[in-house]
Amino acid sequence: TMADIDNRSDCSSDDDDGKGRNKSRRELPAGAVATLKAWLLSPEHFTHPYPTPQDQVMLMQKTGIDKKQLKNWFTNARRRIWKPMLKKQLEQGKLAPTGPAGGVAVPGVVPGLLMTSMGPVMEGQ
């Protein structure tokens with residue numbers, strides 16, 4: 001129908017600051033992305049890009065976005081920004097792979113945790 005066509009053209013042209021009727025794609029406030037990116041890519045957070053509750057409060061105050069937006073941004077940023085960068089750094093040998101096997105260390109995963117889930121854990125009990 002004509003209404004469908006109208007809606008579609010709205011979405012593509014109207015993704016400024018969400019001044020229009022469409023709320024399907026809201027951009028974050030100016031400067032918020034720069035602040036979040038700086039946090040994500042800073043050396044102390046790059047190895048573990050998960051903000052603590054305190055970090056979240058600080059970032060929410062600094063950027064003026066709410067918790068849900070913050071959570072969504074980090075979920076997307078880890079996939080779109082962080083993961084490709086991590087991969088590139090590992091390929092270039094910039095980040096020394098850690099762990100006894102020399103494998104890629106996955107932040108938040110305890111080494112040895114995977115081993116137990118594969119073999120019979122309750123053996124000899």
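Biologist: Is Ser42 buried or exposed?
Modeller: Ser42 counts as buried, because its relative accessibility is 14% and the cut-off for buried is under 20%. Keep in mind that this is a predicted model.

Biologist: Where is Ser42 placed?
Modeller: Ser42 lies in the loop between helix 2 and helix 3 (43-46).

Biologist: And what does the side chain of Ser42 reach at 2.8 Å?
Modeller: That would be the backbone oxygen of Trp39. The Ser42 side chain also makes a polar contact with the side chain of His45, at 2.9 Å.

Biologist: OK, on to Trp39. Which helix is Trp39 found in, and is Trp39 buried or exposed?
Modeller: Trp39 belongs to helix 2. With 7% relative accessibility, Trp39 counts as buried.

Biologist: What does Trp39 touch, leaving out residues up to four places away in sequence?
Modeller: His45, His48, Pro49, Tyr50, Pro51, Asp55, Met58, Leu59 and Phe74. Asp55 is 16 residues from Trp39 along the chain, and their C-alpha atoms are separated by 9.4 Å.

Biologist: Switching to the helices: at what angle do helix 2 and helix 5 cross?
Modeller: Roughly 55°, with the axes of helix 2 (residues 32-41) and helix 5 (residues 67-91) coming within 11 Å. So helix 2 is oblique to helix 5. The crossing is right-handed.

Biologist: Which residues make the contact?
Modeller: From helix 2, Val33, Leu36, Lys37, Trp39, Leu40 and Leu41; from helix 5, Leu70, Trp73, Phe74, Ala77, Ile81, Trp82 and Met85.

Biologist: How many of those are nonpolar, polar or charged?
Modeller: The contact of helix 2 with helix 5 has 12 nonpolar residues, no polar ones and one charged.

Methods:
Residues are numbered from 1 along each chain as its sequence is written. This is a predicted model: local features need pLDDT of at least 70, side-chain atom pairs count only at pLDDT 80 or more; totals for chains, interfaces and linings use all residues. Side-chain values use heavy atoms; hydrogens and water are left out. Axes are lines fitted to C-alpha atoms, for helices over the stretch in contact, and angles run from 0 to 180 degrees between N-to-C directions. Helices (H or I, at least four residues) and strands (E, at least two) are DSSP runs, numbered from the N terminus. Angles under 35 degrees count as roughly parallel, over 145 as roughly antiparallel, 65 to 115 as roughly perpendicular and the rest as oblique. A crossing is left-handed if the near helix is turned anticlockwise from the far one by less than a right angle, and right-handed if clockwise. Contact means heavy atoms within 4.5 Å. Ala, Val, Leu, Ile, Met, Phe, Trp, Tyr, Cys and Pro count as nonpolar, Asp, Glu, Lys and Arg as charged, and the others, Gly among them, as polar. Buried means under 20% relative accessible area, exposed over 50%, partly exposed in between (1.4 Å probe, protein chains only). A polar contact is a pair of N or O atoms within 3.5 Å; within protein, one must be able to donate a hydrogen and the other to accept it, and residues adjacent in sequence count only if both atoms are side-chain atoms.
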